[in-house]
Amino acid sequence: MFCSHALAAFGLLAGLLQLVAAVFSLTFSAPVAVIVATAAASVVWGAVQAFPPASAERTFDHPRTRVRVIAGDLFDQPGHLVVGFTDTFDTSVTDDLVISRSSVQGQLLERWYSGVQDDLDHALTEALARYAPASVESREDKPLGKLDRYPIGTVAIMSRDDRKLFGLAYSRLTNDLVAESNPERVWVSLCRLWESVYAHGHREPLTIPVIGSALGRIDTLSHENLLKMILLSFVAASRDRVITRELTVIVRPQDLKEINMLEIRQFLMTL
């Protein structure tokens, strides 16, 4: 990859130099220096193409909003956070049967609630009190976990230390404890998320992970396309109003290989 980009750049630059020299009847007093400079520029170009940056950002003027895509840890970011949930808002990580400890929900339990499940459940109960369950499973059909199901796109807003956490139900947890979602569910959920952030986020910075890229099992879209969906939905929702002054989309470092940040930069510029 590096060699092909570098050689292509060298050939293009060399051709342009020859064309300029022929058209304007120029001669180079230090041809060796020109060759070295051309080779150096080609190496730099090859490196940039072969090893794309780990971040992308753009500031929109109307309305004034900054959008960033960076690699990192969701829970190390300041401001409000978004965490994806299933429609049952399950929280148990015991033996990784219902929710995996490695999932974002599992990290939320450990990082925000010190592993005390009752505290997280209490916060969710209060946040969901204004919603009516869409359906209720029987314990016979769903042996483990919670039984109340909420509509896809339900947002449970929880507060801690002057920060808000927007718990977004974007996937369905089957009775066999498999989380499933699809692009339509993600899009609907994102649209409802931005409405909640607009109403309750006070335009403070907001950080969201690439939801659906891990345990959500959205196999029809790549990490990169899921990321683009988040960016597109946010910009569309921000056309006539400020949702937040700064949106940060967090990519797990291990997922960077699945995303071309140069392509994401270009995508942001087209929005």
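A word on the model: it is predicted, so local features need pLDDT of at least 70 and side-chain atom pairs count only at pLDDT 80 or more, while totals for chains, interfaces and linings use all residues. Residues are numbered from 1 along each chain as its sequence is written, and side-chain values use heavy atoms, leaving out hydrogens and water.

Side chains of opposite charge can pair when their charged atoms come close. Here there are 14 salt bridges, each a side-chain nitrogen of Lys or Arg within 4 Å of a carboxyl oxygen of Asp or Glu. The table shows some of them.

| Pair | N to O distance |
|---|---|
| arginine 111 and aspartate 73 | 3.1 Å |
| arginine 172 and glutamate 137 | 3.9 Å |
| lysine 228 and glutamate 263 | 3.1 Å |

Back to glutamate 263, whose side chain meets lysine 228 in a salt bridge. Lysine 228 sits in helix 6 (residues 223-237) and glutamate 263 in helix 7 (residues 261-270), so the pair ties together parts 35 residues apart in sequence. Helices are DSSP runs (H or I, at least four residues), as are strands (E, at least two), numbered from the N terminus. Lysine 228 is buried at 16% relative accessibility.

Finally, Glu57, Arg66, Arg68 and Glu246 are joined in a network of salt bridges.

Key. Buried means under 20% relative accessible area, exposed over 50%, partly exposed in between (1.4 Å probe, protein chains only).
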